[in-house]
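Student: Hi! Could we go through the charged pairs in this one together?
Tutor: Happy to, let's bring it up.
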Amino acid sequence: MKERKVPSKTSKPPGKSTRSAAKKRTSAHGTAGEAARFYYKGNRHKQLRAFVATVKLGTLSRAAEALYLSQPSVSLQLQALERELGMALLERRRRRINLTDAGEALYELARPLVEGWDNLDRDFQAKVQGLQAGKLTIAAGTSTIQYLLPELVRRYRERYPAVHLQLANVTGRDGLAMLREDKADFAVGSMLDVPHDIAWAPVRHYDPMLILPPDHPLAARTEVALADLSPYGLILPPQRLSTYRLVDLVFQQNQVPYQVAIEVGGWDVIKEYVAMGLGISIVTGICITDADRERLAVRNMSRWFPQRSYGVVMRKGKFLNAEARAFIDLIRPGLLTYRDYDEPGHSGR
């Protein structure tokens, strides 16, 4: 008689274990897929930080570098944000990224939130300690730092000695770049052209001045016409600076010929060269001191050249910290009631 086999209690019907294992694998795969799909979902703060950085810096690669993330990570965060909000926020082009209308609306709301969050610890300390710590970076040109800011800096240091104050000596173009990259809280200086993403609030106005050696033929005249300058060589700042551009524009508009003898940077250098008899110059009244009037002949040229205005330059939508607000209040109390600085602006760089 044949021996009958008894199934083991631990054995399972053929095929069942295979189906169960397959089901588990499918379930596990589905869970992993869902996790990957929604990995960037749910953290709105990170999404908005990626969005604001991308718009502000113009490209995914710059945003990724600023956020210490990989470019694919930033891209996934942006995609998740658009998917959750149900509309396109960015137009991706070959060289840079532009905002859609919906993106403009979100950027206006998100920028102060993101920048306020990033500055929360510092602003909290400033609030409870009365500006006992913190840092303030102001971008400005040489003439602004030398002639306009010293008294303001002195008063600021007396009131807030614990604040680390950095004055970045830069040209106008470099100052705008610092504002756009958030490397400066604001700038102080003069502007001829104001980009649409920048707000400018002028506070000081200075007349254009002709400076001459005391023995110069024109020094005997109380009034000097623009045409009177033609025979004499001018000493001007370099062509890349706004003063040179302004002088050239005025001569061209009036169809008066002129000649440049020397290009050199720095008002003090220009004044010294004029005193030595090496030429004459058109300078802004901000740099004329009482000592200069003793060694130079100075004539007001406001009949021919426009006034130069100096003021506070801010990136539109910039969240100003307590340190920055305190300094601006020294420049002119109530200046921040001028709301243009709060408007969103997108750089056309």
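Tutor: A salt bridge here is a side-chain nitrogen of Lys or Arg within 4 Å of a carboxyl oxygen of Asp or Glu. This is a predicted model, where local features need pLDDT of at least 70, side-chain atom pairs count only at pLDDT 80 or more, and totals for chains, interfaces and linings use all residues. Residues are numbered from 1 along each chain as its sequence is written, and side-chain values use heavy atoms, with hydrogens and water left out.

Student: Which residues are linked in a network?
Tutor: D268, K271, E272, D292 and R295 are joined by salt bridges.

Student: How far apart are the closest N and O atoms of D292 and K271?
Tutor: They are 2.7 Å apart. D292 sits in helix α12 (residues 290–295) and K271 in helix α11 (residues 267–275), 21 residues apart. Helices are DSSP runs of H or I with at least four residues, strands are runs of E with at least two, and both are numbered from the N terminus.

Student: Buried or exposed, those two?
Tutor: Both D292 and K271 are buried. Buried means under 20% relative accessible area, exposed over 50%, and partly exposed in between (1.4 Å probe, protein chains only).

Student: New topic: what does E84 pair with?
Tutor: Its side chain meets that of R44 in a salt bridge, at 2.7 Å from N to O. E84 is in helix α4 (residues 71–85) and R44 in helix α2 (residues 44–57), 40 residues apart.

Student: Why does E84 count as partly exposed?
Tutor: Because its relative accessibility is 27%.
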